[in-house]
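Colleague: I am new to this one and would like to learn how to read it. Could you walk me through it?

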Amino acid sequence: MSPNIYCVEALNHPVFKTLSHVAQNLDLECYVIGGYVRDHLLNRAGSKDIDIVAVGDGIALAQALADALPGASEVSVFKNYGTAMLHYQDITLEFVGARKESYTHNSRNPKVAPGSLADDQNRRDFTINALALSLDQNQWGALLDPFTGVDHLAAKLLITPLDPQVTFSDDPLRMMRAIRFAAQLDFTIDPQAWLSIKNQAERIKIIAPERIVDELNKIMSTPKPSAGLSLMYEAGLLDIILPEVTALLGVEEIEGQRHKDNFWHTLEVVDNISRTTEKLWLRWAALLHDIGKAPTKRFDPKIGWTFHGHEFLGGKMVHKLFKRLHMPLNEKVKYVQKLVAMSSRPIIIAEDFVTDSAVRRLVFDASDDLEDLMTLCEADITTKNPKKQKRYMQNFATVRQKIAEVEQRDHLRNFQPPVDGAEIMETFGIGPSPFIGQIKETIKEAILEGEIPNQKEAARALMLKKGISLGLTPINSAL
Ligand code: ATP
Ligand code: MG
């Protein structure tokens with residue numbers, strides 16, 4: 001096939017010229033392939049990740065480039081995958097040798113053999129990701145597009161290079177990638193491909209959770225995550241990956257009383273929050289904020305539908321879910337858990353008469369995450385009744401104002417007790433004992449209840465009073 005499109009402007013960066021020379025010296029053909037080429041043709045702002053395919057030894061090419069490029073990083077070699085990576089200025093270059101792959105049904109690990117550029121393009125996921133640009137000096141910038149990917153870019157279509165049954169069966173992660181690209185680029189998945197995703201959704205189970213979560217996070221980072229999440233749902237993938245969320249689907253009616261469909265509500269909340277924050281983990285908190293509702297749902301003939309304790313249970317479920325999907329079990333999970341567990345607190349305050357002590361407790365418990373919690377709660381308002389919507393927003397405005405007042409007066413965020421354990425021990429001439437905890441707790445409670453201000457003098461007075469009531473005697477110098 002003789003190319004008739006050239007994309008010389010895509011190769012302006014000086015690194016491409018150096019790479020071309022180095023490849024010529026090694027007597028290798030090499031091409032830029034995949035996302036970088038696609039994004040260039042889509043006019044998506046300059047991608048910094050560049051994938052290079054070499055017909056031959058990709059690792060050797062990477063090493064040779066690093067040697068020829070002052071300021072390049074060390075080459076990281078991934079022997080098992082036959083790939084190598086290096087950083088240069090603000091770009092990352094990934095190298096792979098062109099290969100043929102053959103898969104067995106039960107495993108994601110293909111048998112790999114060296115191949116031609118065409119072989120390598122065949123094993124790519126979508127025609128728009130199989131586009132390659134030549135770095136050969138005689139064909140500089142020639143676009144090699146065996147599957148008319150350029151037409152599919154124009155038509156905004158995701159089509160597999162091979163029969164979709166084969167492409168998706170070989171590596172079922174590609175089903176997630178199809179949905180991720182559809183959501184990210186606002187493309188349509190070709191009907192044949194879509195059918196085959198629906199038929200093979202179960203095969204996602206052979207994929208390592210980390211790889212699935214990578215794609216899921218990219219979906220969660222799009223401006224309107226519900227687009228990707230609802231495709232996952234329709235394909236049957238969401239049921240397998242996040243059954244806690246699909247369990248929220250449906251409306252039940254008993255004695256004429258209905259509850260809202262918490263699945264579609266959740267997707268709306270995720271979209272709402274994504275309009276106001278880019279924070280991935282806050283978006284996750286929105287996705288999971290109601291998961292405790294499915295297992296706690298009850299019908300009480302007097303009150304109607306209830307979800308008692310759903311926040312607490314939801315928080316626990318978050319941990320299990322993160323563990324199952326091999327997601328980070330560090331401060332990230334704690335943050336999401338905390339927001340889920342506290343997700344109704346500002347609402348309760350907003351609905352009731354707003355007491356100062358309730359606001360103080362909210363500030364104290366939410367601490368540094370208070371802003372995010374308020375953002376989550378505001379996103380949670382999905383009522384279509386304009387009067388209610390207005391009332392809820394006004395209530396939250398009141399809560400925010402109260403928070404500001406309490407913050408200014410009491411400094412409860414990152415609360416440091418005005419009297420610490422050492423001071424208590426010194427005052428009563430005692431060593432470590434349960435009394436210390438009791439006294440500290442009394443002081444904290446009095447501050448949160450507004451009985452004393454968050455100040456040293458008042459706290460010391462209460463310490464003395466409480467200590468004495470516990471049978472302790474202050475030593476003279478303490479008085
Ligand atoms: P992004 O903008 O997210 O980086 P990308 O297309 O560059 O998009 P990568 O995951 O960086 O995606 O992969 C680079 C290229 O490698 C893809 O364009 C595609 O050609 C190929 N590729 C990646 N993953 C797969 C896969 N699972 N199956 C087939 N080809 C893949
Ligand atoms: Mg990439």
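Colleague: Into which domains is the protein divided?

Modeller: Domain bounds come from an automatic or database domain assignment. Here they give domain 1 (8-155), domain 2 (160-241) and domain 3 (421-469). The C-alpha centres of domain 1 and domain 3 lie 66 Å apart. Keep in mind that this is a predicted model, where local features need pLDDT of at least 70, side-chain atom pairs count only at pLDDT 80 or more, and totals for chains, interfaces and linings use all residues. Residues are numbered from 1 along each chain as its sequence is written, chains are lettered from A and ligands numbered from 1 in the order in which they are written, and side-chain values use heavy atoms, with hydrogens and water left out.

Colleague: Which strands pair with strand 5?

Modeller: Strands (E, at least two residues) and helices (H or I, at least four) are DSSP runs, numbered from the N terminus. Two strands pair if DSSP finds at least two bridges between them. Strand 2 (residues 49-55) runs parallel to strand 5, with 6 bridges, and strand 4 (residues 83-88) pairs with strand 5 in the antiparallel sense, also over 6 bridges. In the hairpin of strands 4 and 5, 2 residues lie between the strands, and glutamine 89 takes a positive phi near 50°.

Colleague: Why is strand 5 described as largely enclosed?

Modeller: Buried means under 20% relative accessible area, exposed over 50%, and partly exposed in between (1.4 Å probe, protein chains only). Strand 5 (residues 91-97) has 6 of its 7 residues buried, so the rest of the structure largely encloses it. Helix 20 (residues 370-379) is likewise largely enclosed, because 8 of its 10 residues are buried. Among them are Leu370, Asp372 and Cys377.

Colleague: Which residues touch the most other members of the largest nonpolar core?

Modeller: A nonpolar core is a set of buried Ala, Val, Leu, Ile, Met, Phe, Trp, Tyr and Cys residues joined through side-chain atoms within 4.5 Å. Of the 130 residues in the largest one, Leu237, Trp284 and Leu288 touch the most other members. Apart from it lies another core, of 8 residues, including Ala98 and Leu144.

Colleague: And is threonine 277 buried or exposed?

Modeller: Threonine 277 is buried, at 11% relative accessible area. You will find this threonine in the loop between helix 13 (262-276) and helix 14 (280-288).
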